[in-house]
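Hello,

Here is the structure I promised to hand over. Please open it alongside this note.

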Amino acid sequence: MHTTFAVLGDGAWGTAIALLLAQNSAHRVRLWSARPDNGLLLRERRENVRLLPGVPIPESVELTTDIGVAVADADLWVAAIPTVFLRAALQAVAGQVKSGPPVLSLAKGVENTTFLRPSEILTQVLGADRVAVLSGPSHAEEMSRGMPTSVVVASPDIDLARWIQAHFSTDRFRVYTSLDTIGVELGGALKNIIGIAAGISEGLGFGDNAKAALLTRGLVEMTRFGVALGAEHQTFAGLAGMGDLITTCVSRHGRNRQVGERLARGEKLPEILQSMPMVAEGVYTTSSVHDRALQMGIEMPITTEVYRVLYEGKDPRTAVNDLMLRRPKREGWEQTS
């Protein structure tokens, strides 16, 4: 008896998850490309040469550009499409598919115009009534090469979370479960903002003291904002919060960190984004979170300064100085910063 997975999105993370699932001989895995040119290249090379060079795609992964073929009789849809493109991609195919099985979201962001989380977009556009999210410190470049990785899958449907845990777990990919979908999704989105700040710190030549302070106070902001929106406090001390934050801020693979480094070196944001092969979700998330924090009266000084650097052209060194010279306060996540 086979279990069939439709992985929607052929980016680095979608490809890596398809490779992971294909390790189990009881799984049938289909990887869907939204763009015909990408799909053709994948089929010709059996390798994601642009995003995961040197990692072969086995024949057990079926590659297709036909959404109907991809989702036919699938037991789980895995949405591996960046948040900024998620709604448009789903709307383009929603009419071609009937109400389907549960959906797992891999995206880490929030939608700019609506502030909906990826799982909420999936519910709204596809009508999915059983949705889970997977997040944590999980660079595709490492996971696809068999390096040990631990993540968390969250869903209000604990049976669905446990089913995904059972099917995704391997000797190199450990999956924990959670009921806190809000916290897990927001953790994956918010850490990208702090990742940009970490890149700015690195690009300005600051040291370990600055990085440690940034991660610590960044986690405070993430927790404060998440709890205000209904997340559980402890989620931000786990894999989807602190774990993913550490990886994003220190890894050479971190796209958002790279944006920050290049901004600190004097490059302009449009040029940076145009030259990047993958989406830096934190650039878009910063705008959404900054606006929502203002509306809700939540003080987020790091996010505010990242927003000003990204969207108001503020000099990164001035932004750091302004952070350091704020009024002294007592440490605590529940307090203003």
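Below is what was found, from the whole chain down to single residues.

First, the ground rules. This is a predicted model, where local features need pLDDT of at least 70 and side-chain atom pairs count only at pLDDT 80 or more, while totals for chains, interfaces and linings use all residues. Residues are numbered from 1 along each chain as its sequence is written, and side-chain values use heavy atoms, with hydrogens and water left out.

**Overall**

The protein chain has 15 helices and eight strands. Both are DSSP runs numbered from the N terminus: helices are H or I with at least four residues, strands are E with at least two. Along the principal axes, the C-alpha atoms fill a box of roughly 65 × 40 × 40 Å. The radius of gyration is 20 Å, which agrees with the value near 20 Å for a compact globule of 337 residues. That radius is taken over C-alpha atoms, and the globule rule is 2.2 Å times the number of residues to the power 0.38.

Of the 337 residues, 56% count as buried. Buried means under 20% relative accessible area, exposed means over 50%, and partly exposed lies in between (1.4 Å probe, protein chains only). The chain exposes about 14,800 Å², and carbon and sulfur atoms supply 51% of that area. Areas come from the Shrake-Rupley method with a 1.4 Å probe; for residues, only the protein chains shown count as cover.

Charges next. There are 34 positive and 36 negative side chains, and the centres of the two sets lie 3 Å apart. Lys and Arg count as positive, Asp and Glu as negative; His and the chain ends are not counted. Each charge is placed at NZ of Lys, CZ of Arg, CG of Asp or CD of Glu.

**Aromatic pairs**

A search of the whole structure finds four aromatic pairs. Rings of Phe, Tyr and Trp (its six-membered ring) pair if their centres lie within 6.5 Å; planes under 30 degrees apart are stacked, over 60 edge-to-face, and the rest tilted.

Why does the pair of Phe 5 and Trp 163 count as tilted? The planes of Phe 5 and Trp 163 stand at 35°, with the ring centres 5.9 Å apart, so the pair is tilted. Phe 5 sits in strand β1 (residues 3–8) and Trp 163 in helix α7 (residues 158–168), so this pair ties together parts that are 158 residues apart in sequence. Phe 5 is buried at 0% relative accessibility. Trp 163 is partly exposed at 29%.

Phe 5 also pairs with Phe 168, edge-to-face, at 6.0 Å centre to centre and 90° between the planes. Phe 168 lies in helix α7 too, so the pair ties strand β1 to a part 163 residues away in sequence. Phe 168 is buried at 0% relative accessibility. Together, Phe 5, Trp 163 and Phe 168 form one aromatic cluster.

**Helix α11 and Glu 261**

Helix α11 (residues 255–264) holds Glu 261. The helix is mostly covered, with eight of its ten residues buried. Among them are Arg 257, Glu 261 and Arg 262. Glu 261 itself has 17% relative accessibility and counts as buried. Leaving out residues up to four places away in sequence, Glu 261 touches Gly 199, Ile 200, Glu 202 and Gly 203. Just after α11, Gly 266 takes a positive phi of about 100°.

**His 290**

His 290 lies in helix α13 (residues 281–296). Its relative accessible area is 11%, so His 290 is buried. Beyond four places in sequence, His 290 touches Thr 303, Thr 304 and Tyr 307. His 290 and Arg 308 are 18 residues apart in sequence, and 9.8 Å apart from C-alpha to C-alpha.

**Positive phi outside glycine**

Asp 73 has a positive phi near 60°. Asp 73 lies in the loop between α3 (67–71) and β4 (76–79) and is exposed, at 74% relative accessibility.

Phe 115 has a positive phi of about 60° and is not a glycine either. Phe 115 is in the loop between β5 (103–105) and α5 (118–126). Buried or exposed? Phe 115 is buried, with a relative accessible area of 9%.

Best wishes

Conventions
Contact = heavy atoms within 4.5 Å.
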